[in-house]
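I opened this entry to keep track of what I looked up, going from the overall make-up of the chains to a single annotated site.

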Amino acid sequence: MTLADTQPQALNFDCETGNYHTFCPISCVAWLYQKIEDSFFLVIGTKTCGYFLQNAMGVMIFAEPRYAMAELEEGDISAQLNDYEELKRLCEQIKRDRNPSVIVWIGTCTTEIIKMDLEGLAPKLEAEIGIPIVVARANGLDYAFTQGEDTVLAAMAARCPDKAPVLESEKAERNAVQRLLNFGRKQEDVKAEESEYVDHPPLVLFGSLPDPVVTQLTLELKKQGIRVSGWLPAKRFTELPVIEEGYYVCGVNPFLSRTATTLMRRRKCKLIGAPFPIGPDGTRAWVEKICSVFGIEPKGLEERETKIWEGLEDYVSLLRGKSVFFMGDNLLEISLARFLIRCGMTVPEIGIPYMDKRYQAAELALLEKTCAEMGVPLPRIVEKPDNYNQIQRIYDLNPDLVITGMAHANPLEARGINTKWSVEFTFAQIHGFANARDILELATRPLRRNTSLKDLGWDKLVKEEANV
Amino acid sequence: MKLAYWMYAGPAHIGTLRVASSFKNVHAIMHAPLGDDYFNVMRSMLERERDFTPVTASIVDRNVLARGSQEKVVDNITRKDKEERPDLIVLTPTCTSSILQEDLQNFVERAQLEAKSNVLLADVNHYRVNELQAGDRTLHQIVQFYIEKARKKDDLRTDKTTEPSVNIIGISTLGFHNQHDCRELKKLMGDLGIQVNAVIPEGASVHELKNLPRAWFNLVPYRELGRMTAEYLQAEFEMPFVDITPMGVVETARCIRAIQIILNQQGANVDYESFIQDQTLFVSQAAWFSRSIDCQNLTGKKAVVFGDNTHAAAITKILAREMGIRVVLAGTYCKYDAEWFREQVRGYCDEILISDDNGAIGDAIARLEPAAIFGTQMERHVGKRLDIPCGVIAAPIHIQNFPIGYKPFMGYEGTNQIADLIYNSFTLGMEDHLLEIFGGHDTKEVITKGVSADSDLAWSKDGLAELNRIPGFVRGKVKRNTEKFARDRGIETITAEVLYAAKEAVGA
């Protein structure tokens with residue numbers, strides 16, 4: 001880790017019982033199958049898993065998704081049926097109907113408990129049917145919500161080509177392709193484009209983001225002369241980036257610690273430990289950190305950040321001086337809290353499912369620095385929170401906003417407490433300078449809505465205070 | 001293993017949780033991994049519940065896998081006992097705990113020693129029953145538990161109420177229009193001069209259960225939930241029950257007549273014929289509606305019906321018998337109770353389909369090309385794809401199927417609601433003729449040029465690609481804004497970079 005010297009000292013870390021509400025990590029299927037366009041996700045689990053996906057993804061289910069359940073029956077559990085034969089039958093059907101470039105098997109709680117050897121079965125079946133099979137164990141025994149993506153990307157990291165094949169014939173062909181791509185453009189223009197970049201070792205970014213956000217962040221780095229050699233994941237499985245020993249990698253999301261570890265240990269990459277590009281402060285710190293690793297003097301970032309903040313003032317003024325309580329369920333909490341503190345909010349508690357202090361070191365350091373600069377007390381960080389206890393604390397603290405899952409949002413609203421569903425932050429575009437506004441759009445929505453209803457006197461809509 | 005994209009009935013624990021959380025002051029503890037408490041989200045979102053859903057999980061994680069739950073489950077039960085003081089805690093197994101095969105009954109017994117509340121283990125096998133069967137079983141289990149308990153303590157009330165009275169059994173949370181049906185049934189009972197002794201499980205306290213035998217009879221409006229309980233009460237206390245779903249004019253009358261017979265057998269001496277006559281002809285609009293000339297246009301139109309047993313059977317009969325519509329296919333996903341369904345719809349439809357494979361149903365709809373579908377949310381989406389209108393009549397359902405307006409499916413007001421639903425699902429009379437004559441709606445082609453269809457600016461390939469990624473409904477606005485931005489700055493070619501710079505500049 002590159003930031004060991006900035007280990008935070010003063011932040012207060014707690015750990016509770018882990019009795020909290022979050023989504024099952026298999027939910028990552030919902031956004032990954034859309035991101036990786038030639039993939040097919042097969043969730044090997046029970047009716048419970050299927051029911052969750054069906055309801056959590058709502059209307060997306062009906063758009064002929066490239067995902068399905070391999071629903072285990074009693075015969076599978078008691079090993080009366082042969083796992084290999086069963087999976088082969090289903091995968092052949094998928095190949096016939098959809099012909100994907102990769103099948104991702106999502107292992108679940110049940111496959112863990114019955115110890116189905118997915119990692120062992122996959123290479124054999126892969127050889128037999130001729131489609132790559134990637135295994136990710138995204139189960140509720142080990143992981144929470146967004147960590148599902150982490151397990152998939154860690155498995156994908158092993159599939160990235162380790163060297164671009166550079167045979168002479170291919171080289172010529174490549175140039176031909178290049179010529180074709182540059183068709184109609186002057187030789188000088190192409191050269192000029194090349195010279196826009198500084199000479200630096202290859203950089204690969206990891207984390208699944210919507211394509212427009214990928215473009216924005218790539219362009220952001222381009223402004224500093226940094227070329228992004230590839231993204232994990234790419235739009236298609238067949239376009240996974242080349243990752244050679246010694247490449248630099250950098251994460252864009254706080255929940256990707258397994259992927260980071262895999263890239264460092266298995267692929268011998270160098271991890272750039274930076275805060276995450278969430279909020280203009282985070283984006284600037286992220287770009288600056290990457291620049292500093294490559295010895296580049298960042299240009300125009302400060303002005304840019306200032307400009308963005310000016311544009312956000314109408315929203316920031318709604319938040320200034322207010323308090324926000326994170327119940328914790330998707331691991332974006334530290335970055336969002338840091339950004340909202342910079343907006344002038346106070347944060348009594350940040351609940352988080354899992355806290356990797358090494359992977360998030362730079363983000364934690366920025367959080368501390370932000371608190372110091374804004375003159376607000378450091379938040380209490382609660383790992384594996386206990387929702388029941390948290391609700392007691394919410395009653396005591398009476399925060400202006402609670403960021404929470406959908407299980408608690410309506411009951412809290414009925415008790416006069418403003419809430420924002422945390423899940424929306426996972427699906428909205430929140431990265432980079434341009435999307436800071438979207439985060440605040442979400443965070444201020446309950447405040448704006450409730451301001452417009454304020455005079456009606458409809459704050460508490462439960463008859464007696466419930467026991468909870 | 002089965003390749004599945006969609007399921008009609010949920011897993012067993014959902015049924016147990018629906019029953020447990022319908023009761024007042026009953027808490028369910030699931031023995032489940034992180035993320036399996038999705039039930040709370042559904043209840044909170046679909047029912048727009050104001051209170052916290054009384055369901056928590058005793059989390060199964062790696063440690064539990066390695067060492068067993070040990071004290072964890074017992075601790076969670078006793079903790080919840082102290083925090084919430086529920087009357088009853090139901091320990092709910094899930095698919096995960098089913099295969100762990102821990103002795104959950106033992107945990108329950110140990111927790112019972114310490115807890116003030118009663119503790120029960122829901123007796124459901126995850127791999128053998130579905131949501132509906134599990135709900136039925138859990139309700140029976142809870143009723144039996146409290147009846148036996150009262151019997152032991154000798155405070156079971158078996159004396160009948162002085163006036164005729166009824167228990168309405170099977171109203172539950174997350175049930176299709178259950179709240180509205182419940183209100184309508186209570187009103188119907190009131191009109192018939194029958195007291196409502198208890199409604200279970202929705203809104204009931206477990207302390208009321210010892211009074212169940214006081215009612216003269218039980219009414220089980222839904223085929224899926226409550227029968228086991230009614231049969232148990234019949235066996236124990238010789239309580240008769242009526243299990244005719246009062247949905248549709250004819251069936252409502254049949255249900256009322258069955259009630260009349262039961263009450264008269266117990267010496268009530270009631271005659272509901274004039275009530276039925278009056279309601280049918282003048283209060284409910286459905287009978288008149290089906291006779292009105294408007295409804296003639298529906299004669300012989302083809303419809304497909306699919307859903308749970310209760311609703312699919314009732315709607316099939318309404319379409320065929322009360323509105324003269326031809327039901328080309330009636331189906332149910334309640335495979336475990338298929339015989340009952342066949343018997344109900346025989347003679348009212350051309351074809352019967354018993355399946356829980358949504359592909360098979362979609363194919364059947366495509367093959368039959370009906371003028372309207374009455375099904376679940378899944379059939380609604382099949383209808384969208386095939387351009388066939390669909391009325392939703394059964395779970396699984398989305399949030400729009402939990403209306404806040406009064407929309408019962410049962411009783412006489414229910415007949416009005418169903419008539420509207422059916423009528424509005426078909427393409428309407430005059431429109432139908434016009435479409436036939438003119439071969440479609442008014443022309444959709446734009447005749448004049450739009451205000452900003454053309455522009456003098458060039459878009460680069462990457463710029464255009466980015467623009468096309470922007471959702472259609474705002475694309476035009478983004479395009480205009482970007483071009484204005486470019487024009488103001490004298491930029492000739494719009495690249496992706498320019499697009500995003502413009503986005504930042506306008507702060508959108």
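I began with the secondary structure of chain B in this predicted model, and I counted 21 helices and 16 strands there.

I then took the extent of chain B, whose C-alpha trace spans about 90 × 70 × 40 Å along its principal axes.

Next I looked up burial, and I found that 58% of the 508 residues of chain B count as buried, while for chain A the share is 60% of 468 residues.

On contacts, I recorded that 71% of those in chain B between residues at least 6 apart in sequence join residues at least 24 apart; in chain A, residues 24 or more positions apart account for 76% of the contacts with a separation of 6 or more.

For the accessible surface, I wrote down about 21900 Å² for chain B, with 50% belonging to carbon and sulfur atoms, and about 19000 Å² for chain A, with 49% belonging to carbon and sulfur atoms.

I also checked the charges of chain B, where the mean positions of the 58 positive and 68 negative charges are 3 Å apart.

Last, I turned to the annotation: an unreviewed UniProt entry places the feature "active site" at B:Asp294. I located B:Asp294 in the loop of chain B between α12 (286-291) and β10 (302-307).

Methods: Residues numbered from 1 in each chain as written. Chains lettered and ligands numbered in written order. Predicted model: local features only at pLDDT ≥ 70, side-chain atom pairs only at ≥ 80, totals over all residues. Heavy atoms only, no water. UniProt positions renumbered as here; feature names shortened; annotations may be inferred. Helix = DSSP H or I, 4+ residues; strand = E, 2+ residues; numbered from the N terminus. Buried < 20%, exposed > 50% of the residue type's maximum accessible area, 1.4 Å probe, protein only. Contact = heavy atoms within 4.5 Å. Areas by Shrake-Rupley, 256 points an atom, 1.4 Å probe, with all protein chains shown as cover. Lys, Arg positive; Asp, Glu negative; His and termini not counted. Charge placed at Lys NZ, Arg CZ, Asp CG, Glu CD.
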